[in-house]
Amino acid sequence: MKMRSLFMSGSPVNGDRSRPAYICAAFLLVVAFVVAGGARDDMVSLLFWRPLTMFMLAFAVALYWRKAWQSGRGVMLLACAIVTLPVLQLIPLPPVVWTALPGRELIVSIYRDAGMALPWQPLSVAQARTWNALFSLAAPLALLIFALSYDDQWHRKLLMILIGFGFASGILGLVQAIGPANGPLYFYRITNNGLSVGLFANRNHQAIFLAMLYPLIAARLALFQGKPDQLLFQRSLALAGGMLLLPLILMTGSRAGLILAVVGIAFALWVYRPPVSVARAADRLNDKHVRWVTYGLVFALLAMVTVVVLRTPALERIVGTDAADELRVLALPVIARATGTFLPFGSGLGTFVETYQIYEPDKLIMANYFNHAHNDFAELVLTAGIPGVLLLLWTAVLALASFRSLVRNRKLNVDGRGGTAQVLGRAGFSVLSMLALSSIADYPLRVPSLMLLGVVAAVWCSTAYRSARK
């Protein structure tokens, strides 16, 4: 199959007909950021979120599957393969088959010691966890179908929703940090009290989301449509937002967030290209009044936020270490040993906790809860085995093809045909790259809201690739 056919097929969807798809996509994103900002599988909000996403998936498949398949065959194939993996891991196998799989000796001995006959058993060592992993894919698959079914004008609007939620989460985190550690603005039972977590349960996920706003803000500025004098104000506003993000990220106390902020700024420079016709006219104007007023407000706001940052424990968390950080490093050899035992098929998606506890040495048992490997690539190999590695390689091939296309078309005029798709494609690739980098030391894609952000970014990359091939 040619690389071109992996990404594109069919024609764009009419704007009027795609409006309901955009409304559904925006609705899913809004609800996700409000109620699904944690990675745990025991959140009370999942009682609402999971049935909703199953309904939205059924609706998306019934009405928009064909359009989505025509618009982005490559990402749709990859999504179907990802969904198929946990389904295969949940198929009951006869005892003669599953007892021969690596790493099942303990399960066999438990049945024998209990005097029970060996039942039919799926590949997963903790079926409830793998069922949870399967159900968690309903929301991203539904959003993928919706987002592939509408055109550029709706993608612009979705970009504004993401930026809006980003700054709302940052301001909420500011209020959390200066308020009581156990105040009502912390929406999740297990969270980082006393620090900025915003709409999330974890401070690192808040920092990752804020850092990803840099390429999104750059895309918004590049896609500006208006009068030349308004562009000056939009530039100043974008600069103000970018400067404000730094202290907001500092307030999370996340070292990874600071590193990603630098990466995000670099990506923003790559994403941004000025709208030529407007920019030239704007450069001829010289509205110093607007600039100085904007800069003055920015520095006043920065001074206020900096004072708040210095009065919170965030800086101490950045420069210090804690038991959880040490545990992540000490656990790596244990995870590697477990991975070698369960290869080539893995222990089952979502089963990290149960699998790790089998091999956890006594010296590493402590009060801190170790719910993930804090390296999603290592955890994927442990729980998905060689099939998981193949999915990663497939994703890397699509990402490389997208990157080559984006680099070749970066000089394309933003005002020209396909310019919007290229700008959003660069922003999408930046977001996916930052999610991949953060997955080396965390698990952002296990948070439903960030998972949906990753889906939107993948759709932008696919749309840019398709646009460049026309």
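1. The disulfide count comes to zero, a disulfide being a pair of cysteine sulfur atoms within 2.5 Å. Cys 24 is buried at 13% relative accessibility, and Cys 461 is buried too, at 6%. (Buried is under 20% relative accessible area, exposed over 50%, partly exposed in between, with a 1.4 Å probe and protein chains only.)

2. Housekeeping: this is a predicted model, where local features need pLDDT of at least 70 and side-chain atom pairs count only at pLDDT 80 or more, while totals for chains, interfaces and linings use all residues. Residues are numbered from 1 along each chain as its sequence is written, and side-chain values use heavy atoms, with hydrogens and water left out.

3. Now the helices (DSSP runs of H or I, at least four residues, numbered from the N terminus). The axes of α3 (residues 46-71) and α8 (residues 138-147) come within 8 Å and cross at roughly 30 degrees, which makes the two roughly parallel, as angles under 35 degrees are classed. Axes here are lines fitted to C-alpha atoms over the stretch in contact, with angles from 0 to 180 degrees between N-to-C directions.

4. Who meets whom? On the α3 side, residues including Trp 49, Met 56 and Phe 59 meet α8 residues, among them Leu 141 and Ile 145; contact means heavy atoms within 4.5 Å.

5. Leu 452 sits in helix α21 (residues 448-468) and is buried, at 0% relative accessible area. Beyond four places away in sequence, Leu 452 touches Trp 49, Ala 139 and Leu 143, among others. Ala 142 is 310 residues away in sequence from Leu 452, with a C-alpha to C-alpha distance of 9.6 Å.

Note on methods. Parallel < 35°, antiparallel > 145°, perpendicular 65-115°, else oblique.
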